[in-house]
Amino acid sequence: MKYADYLSWDEYFMGLAILSSKRSKDSTTQVGACIVNSDNKILSVGYNGMPTGCDDAVMPWDREGSPLETKYLYVCHAELNAILNNDSGSLKGTKLYTTLFPCNECAKAIIQSGIIEIVYLSDKYSETDSVIASKKMFDMVNLKYTKYKMSEKNIEFIL
């Protein structure tokens, strides 16, 4: 008999984005992303963190202060990391799962890379200029974005 309670593709890929977010060392905002192709093959994952080679133990993680002493000028967002981590070639026609709606800078990279759909978990910054600009650009290029609907499944890691 076939097992009936398996994960849907959306549950699986958003689960990977959530799991990837747990790699972030940002104490206030952990974000994860997963990019998949039309055959539901995982092409790349990413999380928000410092660029490769930059020692995150000495980089700033603060949200407030002078710009050079906050995380904002340094941290690489999960969506951009997933795009840059891709080793499989073109991302044209792919789907991005992300735990937080993309900022305007990531939106530009998403559009330029050829991603055609986004599934996001949270849109907590929906009223910011950055997210408003993202949605404006996505709408202009007919990039579909959909809020993920949490399922009732409880996923546990049992070792």
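Is the crossing of H2 and H3 left-handed or right-handed? Keep that in mind as you start clicking around, and remember that this is a predicted model.

**Stop 1: the helix pair.** Select residues 78–85 for helix H2 and residues 104–113 for helix H3. Their axes come within 9 Å and cross at roughly 30°. Angles under 35 degrees count as roughly parallel, so H2 is roughly parallel to H3. As for the opening question, the crossing of H2 and H3 is left-handed.

Stop 2: Zoom in on Leu7, which sits in the segment before H1. Leu7 counts as partly exposed because its relative accessibility is 34%, and partly exposed covers the range between under 20% (buried) and over 50% (exposed).

Stop 3: Most residues other than glycine have a negative phi. Which way does phi go at Asn40? Asn40 has a positive phi of about 60°, though it is not a glycine. You'll find Asn40 in the loop between strand E1 (32–36) and E2. With a relative accessible area of 26%, Asn40 is partly exposed.

Next, jump to Asn142, in the loop between helix H4 (129–140) and strand E5 (144–147). Asn142 is not a glycine either, and its phi is positive at about 55°. Is Asn142 buried or exposed? Asn142 counts as exposed, because its relative accessibility is 69%.

Key. Residues are numbered from 1 along each chain as its sequence is written. This is a predicted model: local features need pLDDT of at least 70, side-chain atom pairs count only at pLDDT 80 or more; totals for chains, interfaces and linings use all residues. Side-chain values use heavy atoms; hydrogens and water are left out. Helices (H or I, at least four residues) and strands (E, at least two) are DSSP runs, numbered from the N terminus. Buried means under 20% relative accessible area, exposed over 50%, partly exposed in between (1.4 Å probe, protein chains only). Axes are lines fitted to C-alpha atoms, for helices over the stretch in contact, and angles run from 0 to 180 degrees between N-to-C directions. Angles under 35 degrees count as roughly parallel, over 145 as roughly antiparallel, 65 to 115 as roughly perpendicular and the rest as oblique. A crossing is left-handed if the near helix is turned anticlockwise from the far one by less than a right angle, and right-handed if clockwise.
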